[in-house]
Amino acid sequence: MPKSATDKRHFIIAAALVAVTTVLMDILLKAVLPLPIQASLEALTIDALIGWHLSLIAFLFSLIVVFMLYSIVVFRKRPGDNSDGEHFEGNTTLEIIWTVVPLIAVIIFAFYGINTLAEVTRSEPNEVVVKVNGFQWGWSFEYDGVLSPEMVIPVDQRVRLEMNTRDVIHSFWIPEMRVKQDLVPGQETILRFTPIVTGEYTLACAELCGRSHWSMLAPVRVVSASEFDQWLAQRRAEQNPALVQAGPDTE
Amino acid sequence: MSLMSLGLVRGLIGQALGTLAGLFLVTLIRVLAGMDPIWAEEPAWVTGAVLGVIGFLIGVGALTDWAKWTVGIPTPLHHGPPVGKPAWVRYFSVDYNHKVIGIQYGVTGLLMLMIGGAFAVIFRTELSRTGLQFLSADTYNTLLSMHGWAALMAILLGIGGMANYLVPLMLGAEDMAFPRLNAFAYWLNVPSIVLLMTSLFFGWDGGWTVYPPLSVIGSVGYQFVFYSIFTLGLSSVLGSLNLIATILRMRPPGMTLFRMPIFCWAILATSMIQLTATQLIGLAFLMVSFERLLGMGFFDFEKGGTPILFQHLFWFYSHPAVYIFVLPGLGIISEILPVFARKPLFGYRWIALSSLAIALVGFLVWGHHMFTSGYAEYLRVPFMLATLLVAVPTGVKFFSWLGTIWGGRLTFPTPMLFVLGAISVFLIGGLSGPILATVASDLHLHDSYFVVGHFHATIFGGFTFPFFAAIYYWYPKITGRMYNEAMGKLHFWIMTPAFWMMSIGQMSVGVMGMRRRIADYDPALGVEFGHILVTIAGFAIAFSILIMIYNLLHSAEVGKVAGANPWRSRSPEWQIPSPVPEHSFAAPIAVVGEPYDYGLPNSTYIRMAGAAGDD
């Protein structure tokens, strides 16, 4: 083992260990942090961002922990040795490097972050509009005058939620869709996403809203476009039979 | 000796009487004014709470000297234990010695840590299985909310303990700049704790963030929380004022700012935040209180207000507060590492200035708590940038710590283990930060258990682990006796792996879709196994802390005598006897070298006036 702490060999060994650990940590992190299925376009975009984050975390974690453990093992005091460590008070070049390099990483991630944000919040001309109403403790949905206790949305179309509440703050979250937005009394908030996998999901309130916050859930169904039209027409008919009798112009 | 000679007992009686006076006063006014009904819960309890705090301060005697000044009675500072009473009495009464006040803060902090931890252990047990087992949703929400504020009080008290005990000793000063203000600031905390505990009986369900409108429509318990935290905040402001004055004005000759023990830098940075940000949370809480009490509409959209305003005011304090909580702990890490590495602190100036940088940038990032709140969308980008910037000075600290231990002669007694554990845990907290800072990934993780994992790791790594390191490290200085090393190591080896498991478990269930602050969860989420692990880890942590408490109490009696400087530290407080004498330094000290020149032959940090300390 090299004697001096500034011997190159120490750094070569540690760097090799960091490389190996980074790969292992990356695999491990993605195993213990399993994201739900990717049911929206946003999930694809956001998961890619999360993936880059996790890889960076794996590297930085390995970097710090390997150097720490290496020091603990190699630079521990040996029995009978009562000397002090080597006297060096710092190294300005190193300090500048580990200030500037993280700064560059921060700028890269910020740039990537801004692009992702623009991507997941973009609007499209033909959005399916659902009015969402949150209340203590439940949800209701409105499709151009048609009320529903469950949210049904067509697959592969951009959905725009126009959300309102009158009592307290709630928050709209379907983990499989990834995106989240609070509902605020006195203000309409908007949330957009594009579901890409048909199926049944659960909408949950993510902002503490009182006693039954935990059970403020609502069923969500993502269906094909034709099923959606059919469902909407049926609901409309159920709620207003007069319209159906009036003629074909009501769908 | 009668119980009434304890200031604490007189204070509590004063608080009870003050509260009753408030209830009576409001009711009397309502009777005289012919208002119906005669009993109005809200104004009565609020008046009672405020008068109760004043009653406590009068009863305990924190205002006595100042009252005497107003009528011209001289009040010479009394030194030493009270005359004709046992020595321990001074710890339960107003005492102006910073070492007594430091212990008062520290012990109260540990007590609150255990209370806050107990709340967590109760509701964690409920969460270990799906379905509501033994808690109602209301009780769950109350315990969860109480856990938050009890733990935050514990942190502020713990920091007060470390700062009050250590800063004057590290500066070679006899005491703090304003001893009476120091005692007053401490004693504010006790009625604050009483108010918080009282809120438990009314129940409140808003979490520590108490967002309106929920906190406006909830029980009167909220009012107790608001005035409790207002009182706590006043203590923070006054305490930090005192610390800043002490650090800037009471350094010995030769101790330039860049020759202070590094912990003083951390406390300086923390105090600057406390002094300037705390007002905002006090204001925010008063505004909600007034909205409830007087029908003002600050946060009520029907009266022209907005609930989001509260979140801005709240987080303008409560984000910088995170740095209030962790900077002293990071200072402890920087302080203790060189001693057990037998090497200088790597890049002293960079570490010192990184604390200031974190403090300053910390003021510009509050909006990252509000990415999903519905505020103007363009605000998300600048808050994301500012938040990511915090990573830079934080990184400087990590790398400098590595530079400090690299090439040292490391030994691993309990304080060093806790410092290394702190670095590992703070690393988990720190690295899980940027993923929450980039807005898009936060849209998934916001208000999930991932956030719970993130901030518990940050606060345990930045406060709890270093606080425990500090307790073990300065224990021989405080008591004159050594703690039990085997028990200390047992504490560490239970708590640290358990904490890692807890963090990973919390983050894991959060990513899978587990929301924060819910009394029960859907079995379909598949998070039950994660919750069982987190609960087991929680119990292990609680158990390990009980080992520490036993160790601290037991070793004070039977521990082996420690001597003045068992760690071979260069810092001023280790150059005087243990336990520290009433007046700390027998003679003024002067600084003649660098604080951390371990390994530099014939160097010394301080010199004491007179032959005795001239070595």
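**Where the two domains of chain A meet**

The C-alpha centres of domain 1 of chain A and domain 2 of chain A sit 37 Å apart. On the domain 1 side, 15 residues take part in the contact, and domain 2 of chain A brings 13 residues. Keep in mind that this is a predicted model.

Quick orientation. The domain assignment puts domain 1 of chain A at 8–74 + 92–121. Domain 2 of chain A covers 128–250.

Now the area. The size of an interface is often given as the accessible area lost when the parts come together. Here, about 1100 Å² is buried between domain 1 of chain A and domain 2 of chain A. Carbon and sulfur atoms give 59% of that area.

Next, the polar side of things. Between domain 1 of chain A and domain 2 of chain A, 10 residue pairs are in polar contact, counting pairs with both residues at pLDDT 80 or more. What about salt bridges? How many does the rule find across this interface? Two, between domain 1 of chain A and domain 2 of chain A. Look at A:Arg178 and A:Asp47 on the model. They form a salt bridge, and their closest N and O atoms are 2.8 Å apart.

Which helices build the domain 1 side of the contact? Helix H2 (41–74) and helix H3 (92–121) of chain A each supply at least two residues of the side that touches domain 2 of chain A. H2(A) gives the most to that side, with six residues.

Last, the residue types. On the side of domain 1 of chain A that touches domain 2 of chain A, nine residues are nonpolar, three are polar and three are charged.

Definitions and conventions. Residues are numbered from 1 along each chain as its sequence is written. Chains are lettered from A and ligands numbered from 1 in the order in which they are written. This is a predicted model: local features need pLDDT of at least 70, side-chain atom pairs count only at pLDDT 80 or more; totals for chains, interfaces and linings use all residues. Side-chain values use heavy atoms; hydrogens and water are left out. Domain bounds come from an automatic or database domain assignment. Contact means heavy atoms within 4.5 Å. Buried area is the accessible area (1.4 Å probe) that two parts lose on being put together, summed over both. A salt bridge is a side-chain nitrogen of Lys or Arg within 4 Å of a carboxyl oxygen of Asp or Glu. A polar contact is a pair of N or O atoms within 3.5 Å; within protein, one must be able to donate a hydrogen and the other to accept it, and residues adjacent in sequence count only if both atoms are side-chain atoms. Helices (H or I, at least four residues) and strands (E, at least two) are DSSP runs, numbered from the N terminus. Ala, Val, Leu, Ile, Met, Phe, Trp, Tyr, Cys and Pro count as nonpolar, Asp, Glu, Lys and Arg as charged, and the others, Gly among them, as polar.
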